[in-house]
Amino acid sequence: MNVADVVSSLGLEVLCGADGLDREVTGGYASDLLSCVMAGAAAGQVWVTLQAHPNVVAVADLLGLACVIIAENVRPDEATVARANERGIPILSSAETTFTVVAGLVGQGVSGASPKHAR
Amino acid sequence: MGETQEAPVRKQPLIERAELTKVQELVYELRVEQVMTRDVITCTPDQTMSDLKEVLRLNRISGVPIVDQGQMVGMISVESLIKALEQGEADHLIGEKMTRRYQSVRADDTLAGAVALFARFKYGRFPVVDADGNLVGILTQGDIVRGLLRQLETLWHSEEIRRYRASHIFEDIESEQTTLILRYHVKAQDFVHGGEASSKVKRALERLGAHPQFLRRVSVATYEAETNIMIHSHGGEIIVEAQPNAIKVVAVDTGPGIEDVEQALLAGYSTAPDWIRELGFGAGMGLANIRSCTDRMQLTSVMGEGTRLEMVFDLTVGSGE
């Protein structure tokens with residue numbers, strides 16, 4: 001399953017970073033605390049959050065996440081969009097809550113198991 | 001040709017759109033002369049349609065420019081040949097059947113221009129001419145695709161070379177101890193550029209050939225350190241020392257300093273104000289994350305002067321790092 005599959009199966013809106021739609025999705029992670037994401041999310045995972053500022057892209061880029069889904073129609077600012085486009089990291093938007101987005105992902109077979117913690 | 005109805009505009013699938021982006025850049029960079037076929041097979045006006053049939057068949061092509069004494073005078077395609085054969089005009093001269101008002105493309109046009117011509121005229125090929133109108137090549141859609149693929153491969157290859165060169169720096173340069181020092185400034189409260197130093201560190205180490213697991217440890221710790229400088233200090237620097245057997249990352253700032261270093265190291269302890277917590281920072285996990293990612297770390301701070309965080313990541317032989 002790749003990011004484009006996630007987009008079509010959950011009916012998400014691609015806000016930016018369309019270059020990365022062919023990235024493979026290996027699992028998922030949900031949190032609004034950046035340090036928790038840094039510690040818990042693994043490369044290739046989908047990250048569901050309510051945060052929408054440029055550091056979201058930095059975190060996703062550093063971890064090599066597949067994409068970011070921003071829930072509840074929260075819109076990223078221009079700086080975030082520009083950075084995501086530059087890095088080719090898709091930012092997807094959903095009108096649903098984080099809970100519902102995660103449920104949808106699980107329904108598509110995206111696993112929440114975090115394979116590797118920092119150590 | 002030419003009568004074909006244009007297909008109704010279809011929404012491009014997402015995937016196709018994503019893959020096209022780099023190619024779209026390239027069609028504006030590459031010139032027709034970089035991808036065209038230079039050895040052009042031509043015919044002359046005094047050859048017969050039967051001669052043309054042999055030329056097309058032997059070369060497996062579907063059209064040729066017609067050249068008379070070095071000057072291009074027309075184009076002829078397999079369509080005209082079929083029509084002539086149907087009407088039993090195999091012995092007619094090419095000069096009678098060729099198209100004199102042909103569409104050509106300039107050698108110094110961009111591929112984008114050529115792609116537009118293909119879309120507009122639906123011809124299978126265009127003769128390529130120089131500024132003086134001389135025939136210098138021929139361009140098919142296949143030439144364009146091959147040219148783009150070649151260019152994409154070259155781009156990929158040059159990144160490979162950069163990576164190779166960087167990863168051999170420690171072998172190529174002889175000294176008692178080779179250390180590569182990378183320095184990045186981090187501004188206070190600059191949330192827009194937050195994480196950029198860490199991204200650059202990651203990319204640099206990637207080029208030096210670091211293993212993904214190792215990269216992750218350095219990236220996470222460096223990001224947390226960068227974020228701490230951004231949120232809590234008046235600004236500072238990230239200094240990376242790359243050695244053959246270890247990477248040392250030092251994060252220094254110019255104050256205000258940490259009052260109780262022991263307390264700061266406790267997981268969950270944070271002094272971040274509410275507005276920063278709302279951005280998802282300040283969970284009190286930064287230093288705990290750094291500790292779990294580093295092989296050794298040392299935090300020293302002097303109130304009013306600044307804080308220095310030293311992080312060491314060992315490149316152990318045999319661990320695949």
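In this predicted model, 28 residues of chain B are in contact with 25 residues of chain A. On the chain B side, the elements giving two or more residues are the helices α1 (14–29), α9 (196–207), α10 (212–232) and α13 (286–293). If you want a place to start looking, pick α1(B), which gives the most to this side, with 6 residues. By residue type, the side of chain B that touches chain A divides into 12 nonpolar, 10 polar and 6 charged residues.

Let us turn to the strands of chain B. Strand β1 (residues 63–68) pairs with strand β2 (residues 71–77) of chain B in the antiparallel sense. Within this pair, B:V64 has B:I76 in β2(B) as its bridge partner. The two strands form a hairpin with 2 residues between them, and here B:Q69 takes a positive phi near 50°.

Chain B also holds an open sheet of 3 strands, in the order β3-β4-β5, with mixed pairing. Its edge strands are β3 (105–106) and β5 (135–140) of chain B, each of which pairs on one side only. Strand β4 (residues 125–129) of chain B pairs with β5(B) in the antiparallel sense. Across that pair, B:P127 stands opposite B:I138 in β5(B).

| Strand pair | Sense | Bridges | Residues facing each other |
|---|---|---|---|
| β1(B) and β2(B) | antiparallel | 6 bridges | B:V64 and B:I76 |
| β4(B) and β5(B) | antiparallel | 5 bridges | B:P127 and B:I138 |

As you inspect these strands, keep in mind that side chains in a regular strand alternate between the two faces of the sheet.

Notes. Residues numbered from 1 in each chain as written. Chains lettered and ligands numbered in written order. Predicted model: local features only at pLDDT ≥ 70, side-chain atom pairs only at ≥ 80, totals over all residues. Pairing = 2+ DSSP bridges. Helix = DSSP H or I, 4+ residues; strand = E, 2+ residues; numbered from the N terminus. Contact = placed C-beta atoms within 7 Å. Nonpolar A, V, L, I, M, F, W, Y, C, P; charged D, E, K, R; others polar.
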